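Colleague: I want to learn to read a fold feature by feature. Can we take one structure and go through it together?

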Amino acid sequence: MAIRLPRIIQAKQILRRSSKDVLKGYIAVYVGESEKKRFVVPISYLNQPAFQELLSQAEEEFGFDHPMGGLTIPCREDKFIDVTSCLS
């Protein structure tokens with residue numbers, strides 16, 4: 001079993017967590033199955049097929065009424081980081 005540390009470090013640099021503001025060109029998403037964490041990701045991710053699959057999952061579970069007030073993606077945090085680390 002291999003640990004992919006470079007990929008995780010790269011993902012953490014890309015997925016900038018923000019407690020308040022979202023910069024122009026980015027979008028805040030809430031990720032998690034039970035406890036939701038907020039991530040700020042580039043808007044360009046919205047065009048990526050892998051990210052669109054996560055959005056489809058969100059649509060199936062929440063429709064367009066997201067309980068957190070923002071875009072909520074109902075997947076494990078590690079899966080989200082895995083998917084987004086491949087996008088950059």
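Colleague: How many bridges join E1 to E2, and do these strands run parallel or antiparallel?

Modeller: Keep in mind that this is a predicted model. Six bridges join the two strands, and E1 and E2 run antiparallel.

Colleague: In which sense do E1 and E3 pair?

Modeller: General idea before the case. In a regular strand the side chains alternate between the two faces of the sheet. Here, E1 and E3 pair in the parallel sense, over three bridges. Tyr 30 stands opposite Thr 72 in E3.

Colleague: In what order do the elements run from the N terminus?

Modeller: The order is α-β-β-α-β-α. That comes to three helices and three strands. Among contacts between residues at least 6 apart in sequence, 52% join residues at least 24 apart.

Colleague: Now the core. Which residues touch the most other members of the largest nonpolar core?

Modeller: A core of this kind is built from buried nonpolar residues joined through side-chain atoms within 4.5 Å. The largest one has 13 residues, and Val 29, Val 31, Phe 51, Leu 54, Ile 73, Cys 75 and Phe 80 touch the most other members. Strands E1, E2 and E3 and helices H2 and H3 each give two or more residues to this core.

Colleague: What is Leu 54 in contact with, leaving aside its neighbours within four places in sequence?

Modeller: Leu 54 is in contact with Ile 73, Cys 75, Lys 79, Phe 80 and Val 83. For the chain as a whole, 34% of the 88 residues count as buried.

Colleague: How many salt bridges does the structure hold?

Modeller: Side chains of opposite charge can pair when their charged atoms come close. This structure holds two salt bridges. One joins the side chains of Lys 37 and Glu 77, at 3.3 Å from N to O. Lys 37 lies in strand E2 and Glu 77 in helix H3, so the pair ties together parts that are 40 residues apart in sequence.

Colleague: Which residues meet in a salt bridge at 2.9 Å?

Modeller: Those are Arg 76 and Asp 78, through their side chains. Arg 76 is partly exposed at 47% relative accessible area, and Asp 78 is partly exposed at 44%. As for the other pair, Lys 37 comes to 29% and Glu 77 to 22%.

How values were computed: Residues numbered from 1 in each chain as written. Predicted model: local features only at pLDDT ≥ 70, side-chain atom pairs only at ≥ 80, totals over all residues. Heavy atoms only, no water. Buried < 20%, exposed > 50% of the residue type's maximum accessible area, 1.4 Å probe, protein only. Helix = DSSP H or I, 4+ residues; strand = E, 2+ residues; numbered from the N terminus. Contact = heavy atoms within 4.5 Å. Pairing = 2+ DSSP bridges. Salt bridge = Lys/Arg side-chain N within 4 Å of Asp/Glu carboxyl O.
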